[in-house]
Amino acid sequence: MTQRIDKALIAEQNDKLMPALLEDYDALARKLARQDIDIERITKQAELFQIAIPSWGTGTGGTRFARFPGEGEPRNIFEKLEDSAVINDLSQATERVSPHFPWDKVDDFKELKQYSDSLNLKWDSINSNTFQDQQDQQHSYKYGSLSNTSEAAREQAIEHNIECIKWGKILGSKTLTVWVGDGSNHPGQQHFQHAFERYLNSMKKIYAELPADWELHIEHKMFEPAFYSTVIQDWGSNILAAMELGPQAKSLVDLGHHAPNVNIEMIVSRLIQFKKLGGFHFNDSKYGDDDLDSGSLHPYQQFLIFNELVDAQYRKQEGFNPNYMLDQSHNVTDPIESLINSAASVQRSYVAALLVNRPALTDYQLNNDALMASNTLKEAFHTDVTPILAMARARKGGAIDPIRTYRQSAYRATVAKQRPNSGGNGSGIV
Ligand code: RM4
Ligand code: MN
Ligand code: MN
């Protein structure tokens, strides 16, 4: 049964909150008008903002030590879609879902497409998985997949990615995202160059199967599961691979996949400049790939990334059309709540970046006025755009206060009864 958030409940809650929202919205409109900014133009752009939900993010995450399952977790891709529909009902900013295969594999992909259509959801990038072995698998990925020293293992991994493209075509996706766990744990274990060559040769075979209107996104990650070296460890190896493959290959930036303190916004700028920015996996981290909720620790970093993205949009940079997606692990919160919060947090960074006075910033940069350049960014960042986000949601039929309305709906308690077996309590990074 498809459980959704009742439209009447959203409307009833919104009616209560609308008078205060109108007051705050008008006050913000006046403040922005003094800066020559038309709030309606910004709100329209906020309404257009979309970020995809990772299908695996709807379940409770864990660490390699333990996983503490939450109540009523989705047990299959159909239930993951139901939860995603709830997130979109309330946020109105998450109409796309990114699946992970074979986790989300079904026998009948046409049926899956019909189901997502019935929920008004679309499909974002397809994620392949060659970082773990499946039960019926012939060749192990223990020593890597696309870069494995065994040709048979490499062929099997290539085949899986080609199958992902085939399933993605039925779902209406236009992107394949490839992240591999390939790497090594001991100095000397792997010949760096030869491993990268094997990876590139495998990726060329996948690239050759890509439909003309698709993109192949390469995701880098500094460490884990390999702890000494990783084949696509950073944006350098990533862009080299993307350049080697061709124009349909681009780099994907997962915020948690860098060393602490790395200047990610600058990486974003470089990728934009060379038409190689494919997309993002948003999350936050303190130590390394913690997959914490987006913007929960470093909201200014997230804003600075959007400053680069909005700048590219403002300059009408050629070939600029990145995919936005969340990729987080929710260990102690209700994943639906974390995903709603995170989508709004990323949207907040986007909207705040729209407020940057770009002509003034250019002037300060050209005159080497470091202090005023920095203050120009800070002025936008410090503007509380909450009323714009709430108004954008309300106008599209979403909730002014999505978490409150979600809790009022008692959705989790209802699905907890319908989904008694949420799965084992073993470990699991995602
Ligand atoms: C990885 C990476 C990938 C995701 C897997 C589940 O760390 O972030 O994007 O597919 O986790
Ligand atoms: Mn990721
Ligand atoms: Mn990750």
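In this predicted model, an oxygen atom of ligand 1 lies 2.9 Å from an N or O atom in the side chain of Asp327, a polar contact in the sense that a pair of N or O atoms lies within 3.5 Å, where within protein one atom must be able to donate a hydrogen and the other to accept it, and residues adjacent in sequence count only if both atoms are side-chain atoms. The protein covers 95% of the 290 Å² of accessible area that ligand 1 has on its own, the areas coming from the Shrake-Rupley method with a 1.4 Å probe and, for residues, with only the protein chains shown counting as cover.

The account now turns to strand E6. Helices (H or I, at least four residues) and strands (E, at least two) are DSSP runs numbered from the N terminus. From strand E6 (residues 175-178), Thr175 and Thr177 point one way and Leu176 and Val178 the other way, and all are buried, that is, under 20% relative accessible area, whereas exposed means over 50% and partly exposed in between (1.4 Å probe, protein chains only). Strand E5 (residues 126-128) pairs with E6 in the parallel sense over 2 bridges, pairing requiring that DSSP finds at least two bridges between two strands, and Leu176 in E6 is the bridge partner of Ile126. E6 also pairs in the parallel sense with strand E8 (residues 215-219), over 4 bridges, and there Ile218 in E8 is the bridge partner of Val178.

E5, helix H5 (residues 151-171) and E6 make a right-handed β-α-β unit; a crossover is right-handed if, with the strands pointing away from the viewer, the path from the first strand over the helix to the second runs clockwise. Within helix H5 lies Glu155, which counts as partly exposed at 31% relative accessibility and whose side chain makes a polar contact of 2.9 Å with the side chain of Lys205.

Some backbone details sit in loops. The peptide bond from Phe101 to Pro102 is cis, with omega near 10°, and Pro102 has its place in the loop between strand E3 (100-101) and helix H4 (109-118). Another cis peptide bond joins Glu224 and Pro225, with omega about 10°, and Pro225 lies in the loop between E8 and strand E9 (229-230).

Residues are numbered from 1 along each chain as its sequence is written, while chains are lettered from A and ligands numbered from 1 in the order in which they are written. Local features need pLDDT of at least 70, side-chain atom pairs count only at pLDDT 80 or more, and totals for chains, interfaces and linings use all residues, while side-chain values use heavy atoms, with hydrogens and water left out.
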